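Work through the exercises below with the sequence and model open. Try each task before reading its solution.

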Amino acid sequence: MEYKKTLLMPKTAFPMRGGLPNKEPKMQEDWAAMNLYEAVQEKNAGKPTFILHDGPPYANGAIHTGHAMNKIIKDMIVRYKGMSGYSSPYVPGWDTHGLPIEQQLAKKGVKRKEMSPVEFRELCEKYAREQIDIQRTGFKRLGVQAEWDNPYITLDPVFESNEIKVFGQMAEKGYIYRGKKPVYWSPSSESALAEAEIEYADVTSPSLYVAFNVKDGKGIVDNDAEFVIWTTTPWTLPANVAISVNPAFNYVEVAVAVADRKFIVAEGLLPAVSETLGWEETTVVKTFKGSELEYVTAQHPFYDRDSLLIVGDHVTLDAGSGCVHTAPGHGEDDYFASLSYKLEVISPVDGRGIYTDEAPGFEGVYYEKANPMIIELLEEKGRLLKLDYFSHSYPHDWRTKKPVIYRATPQWFASIDAFREEILEAIAGVDWVPAWGEQRLHNMVRDRGDWVISRQRAWGVPLPIFYGENGDAIITKETIAHLVPLFREHGSNVWFAREAKDLLPEGFTHPSSPNGTFTKETDIMDVWFDSGSSHEGVLNERDYLSRPADLYFEGSDQYRGWFNSSITTGVAINGKSPYKQILSHGMVLDGKGRKMSKSIGNTVDPNKIMNQMGADILRLWVSSSDYQADVRISDDILKQVADVYRKIRNTFRFLLGNTSDFNPTTDAVAYNKLSEADQYMLATYNRLARQIDEAYNKYEFSTVYRAVNNFVTTDLSNFYLDFAKDVVYIEAEESAARRSMQTVFYTIAKGLTQLLAPLLPHTADEIWSYLEFETAKSVHLTDFELVAETAEQTQLIEKWTRFMTLRDVVQKALEEARNEKLIGKSLMAKVTIYADQATSDLINSINNDVKQLLIVSDFEVVVGTENAPETATKGDNVAVVVTAATGETCERCRVVKTDVGTHAEHPTLCGNCASIVEEHYADVDLEA
């Protein structure tokens with residue numbers, strides 16, 4: 001007889017294989033056709049808002065794995081909020097100004113200096129928009145839902161006009177000033193850099209001790225003595241105008257027998273200097289305080305120039321001689337120490353790093369190439385006392401990866417000192433995830449100097465500053481108010497296309513220009529000022545957004561970048577932070593924990609992953625990662641994630657296949673009518689749903705990943721779905737036991753699809769399309785359905801947790817019996833449990849067929865573990881013995897029963913199966 005015809009086997013068209021690379025693009029087309037993003041916004045209209053403000057990626061090159069992780073996490077957050085009671089519009093952005101685009105055009109042969117600024121800037125904009133399209137395509141392929149047709153772009157006129165407004169407000173408060181002081185300067189970029197644009201790398205530098213003759217000892221030191229300085233930047237010696245000493249230190253003039261000379265060093269460093277310079281015998285001639293040396297003069301080692309002795313607290317005893325070579329044009333400490341002495345700020349190096357005629361003898365030489373020339377000159381003049389080389393960490397331009405220098409040039413600054421305490425106060429009011437972020441940004445702001453906001457480039461937002469005939473800078477409320485609408489209408493190119501007089505209000509006059517002649521600033525703004533003003537240009541500009549944003553989320557490198565510039569401009573113009581919460585992520589590394597590099601060949605292309613495996617695999621990898629630290633990605637890691645995906649997918653296939661004849665409207669069973677096992681599983685799922693919701697709310701996506709994986713593997717596959725086959729396949733279609741279990745299946749299938757939608761949007765929507773009784777066109781147009789746990793359900797879970805512990809012991813015993821060839825499949829077994837009274841009571845209280853739960857054919861409980869044989873498998877208060885079940889195997893349910901053969905017409909079936917076949921399949925031809 002063909003009894004398999006009477007089994008209710010799973011039926012579903014939901015495929016086992018995902019086929020994501022082919023399905024996802026089609027699904028994204030469907031989302032676009034149905035305006036899914038807009039539909040979600042409409043569904044959530046009027047609800048409380050949650051605004052995640054997008055930190056703009058730089059528009060240059062296809063997306064990489066760091067981009068992918070960043071945008072996927074943002075999408076998970078926004079999708080979750082959209083399904084949990086919030087209106088959460090998401091406006092993506094792009095950062096488009098700055099050096100990298102200029103460099104890309106240069107590589108293409110574009111010669112910036114041979115064309116007008118407007119012509120060059122138009123080429124920059126064209127390139128930037130091309131890059132935006134490339135990246136937008138990549139982000140959309142990841143499944144990210146956003147306002148893609150109306151992003152914010154830092155080159156757009158509306159954005160630029162708001163940036164001008166922010167600058168004007170800061171200027172009005174007195175925070176903007178012009179000064180000539182040393183700033184980080186990149187010869188490779190030919191521009192000033194902010195601290196945020198500096199990274200460090202090891203270099204090898206000369207280390208030399210140089211002697212400066214005393215010119216006028218002022219009666220304090222002998223005129224035939226020499227000051228000893230130590231420097232690692234001999235190229236700055238042409239700019240030397242002073243020697244700094246600490247006023248509180250003791251200094252000594254010592255006679256050195258081996259050299260027959262007298263030298264001056266800090267007393268605390270005399271032993272170290274003597275050892276380094278080989279001074280075997282020294283005699284202290286004089287001792288004096290550093291403060292007494294003030295205004296003594298020394299002779300520059302190779303120029304006819306005085307070097308004044310000045311005092312400064314920046315001088316330490318950490319290294320060197322305690323006498324510090326001071327070049328105000330090439331060092332921040334030097335600059336500030338020399339201010340009160342009104343020393344000349346000499347900076348004889350131009351924007352390309354080449355000496356000017358302010359450095360006689362070195363004109364036209366690149367500063368680094370001058371080092372050996374200066375060393376040779378010092379040796380020739382007898383000024384060089386010692387030369388070594390050492391390796392150390394040195395600041396580099398983070399774009400070009402080449403060394404930077406300190407160089408004094410006229411620059412525009414935003415004064416941090418003016419409102420530093422307000423920024424620190426605002427930082428304390430932000431919620432930081434992880435918590436160490438607060439201290440990190442606090443320390444950066446506490447220690448940073450004033451912000452250099454000017455850049456000597458062409459591609460960016462111009463500094464909206466005019467100059468009078470006498471050179472005075474003009475930034476007034478009137479000029480800014482006139483420029484803002486001009487920029488809003490024409491964009492920043494208007495600044496370069498028009499003369500100064502055509503950019504000023506009609507009839508504008510100013511005391512600095514009696515003849516009415518004005519010029520305009522040619523520098524542009526630091527790109528961090530661009531993105532840092534996005535709270536004004538985006539959050540405040542668009543009425544469906546709000547400032548402060550609920551969340552800023554970017555990589556941990558943005559503590560020095562966007563997080564920093566945003567709170568600086570936000571506090572400057574509004575007195576408060578533009579964000580309520582900061583969440584940050586680490587970097588993406590290769591499988592060995594190395595930084596990705598094209599030169600190493602270890603980069604991982606997200607587009608390639610999506611083409612081979614699908615975006616949902618990439619998204620599942622992101623959810624599996626502890627993203628707040630650095631994360632790793634490799635083929636092996638992705639294969640492990642793909643295995644988890646297959647497990648999840650196949651579980652849904654089982655649930656869908658076994659609810660194909662289930663209508664939730666007519667067939668669902670009320671909770672109190674479910675079997676106890678079904679109640680337990682539903683209560684377990686509901687607890688999982690609340691746990692997942694809480695994890696989403698805390699941005700703990702790896703918790704979601706682990707919880708779902710554990711539920712699917714342990715609770716469903718290894719337990720519930722395993723024994724469920726004996727019900728949903730075997731029992732009659734309309735039986736109470738089957739409908740009870742299908743109710744749980746359907747509830748879990750629907751609910752888990754919704755819970756996974758932020759992580760796996762394509763797969764979730766695919767599953768949703770097979771839930772034919774659900775009316776929403778997309779799972780993303782639904783809300784999470786969370787059920788509170790009752791006291792009875794808590795007790796039920798506690799009871800069944802104890803039973804599951806007992807079941808583990810039984811599973812172990814069955815496995816041992818299989819290994820010993822006592823049984824084959826578990827249905828061939830009888831299980832005898834020797835238990836204490838409490839465990840026996842637990843088993844007897846289970847309102848289900850316990851042998852069915854254990855997937856065995858016979859089952860017995862014996863009170864008293866002392867009665868168990870020595871060979872029994874032991875557990876807490878239990879011992880389990882497995883023997884072969886008595887009876888025959890039913891051909892239909894495969895259970896070993898003693899009543900097989902008792903039904904005349906169906907001699908190979910047990911009584912239950914015979915009754916089912918007799919009652920429900922009398923008309924089915926069962927002949928083989």
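The model is predicted: local features need pLDDT of at least 70, side-chain atom pairs count only at pLDDT 80 or more, and totals for chains, interfaces and linings use all residues. Residues are numbered from 1 along each chain as its sequence is written, and side-chain values use heavy atoms, with hydrogens and water left out.

**Exercise 1**

Solution. Start with the cut-offs: buried means under 20% relative accessible area, exposed over 50%, partly exposed in between (1.4 Å probe, protein chains only). Ser87 sits in the loop between α3 (65-82) and β2 (93-94). His535 belongs to helix α15 (residues 534-539). Helices (H or I, at least four residues) and strands (E, at least two) are DSSP runs, numbered from the N terminus.

Now the contacts (heavy atoms within 4.5 Å). Leaving out residues up to four places away in sequence, Ser87 touches Asn44, Lys47, Pro48, Thr49 and Phe50. With the same exclusion, the contacts of His535 include His53, Arg547, Tyr552 and Pro578.

**Exercise 2**

Compare the span of helix α16 with its expected value, then describe its burial.

Solution. The expected span is 1.5 Å times one less than the number of residues. Helix α16 (residues 562-574) has 13 residues, for which 18 Å is expected. From first C-alpha to last it reaches 17 Å, close to that value. Next, burial: twelve of the 13 residues of α16 are buried. Among them are Trp562, Phe563 and Ile573. After α16 comes Gly575, with a positive phi near 80 degrees.

**Exercise 3**

What is the order of the strands in the sheet containing β20?

Solution. Strands pair if DSSP finds at least two bridges between them. The order is β21-β20-β22, in an open, antiparallel sheet of three strands. β21 (473-474) and β22 (519-520) are the edge strands, each pairing on one side only. Two bridges join β20 (residues 466-467) to β21. Tyr467 has Ala473 of β21 as its bridge partner.

**Exercise 4**

Which residues touch the most other members of the largest nonpolar core?

Solution. A nonpolar core is a set of buried Ala, Val, Leu, Ile, Met, Phe, Trp, Tyr and Cys residues joined through side-chain atoms within 4.5 Å. The largest has 155 residues; Tyr720, Leu752, Phe803 and Ile833 touch the most other members. Helix α21 (residues 701-728) gives the most to this core, with 15 residues. Another core, of 68 residues, lies apart from it and includes Phe249 and Leu377.
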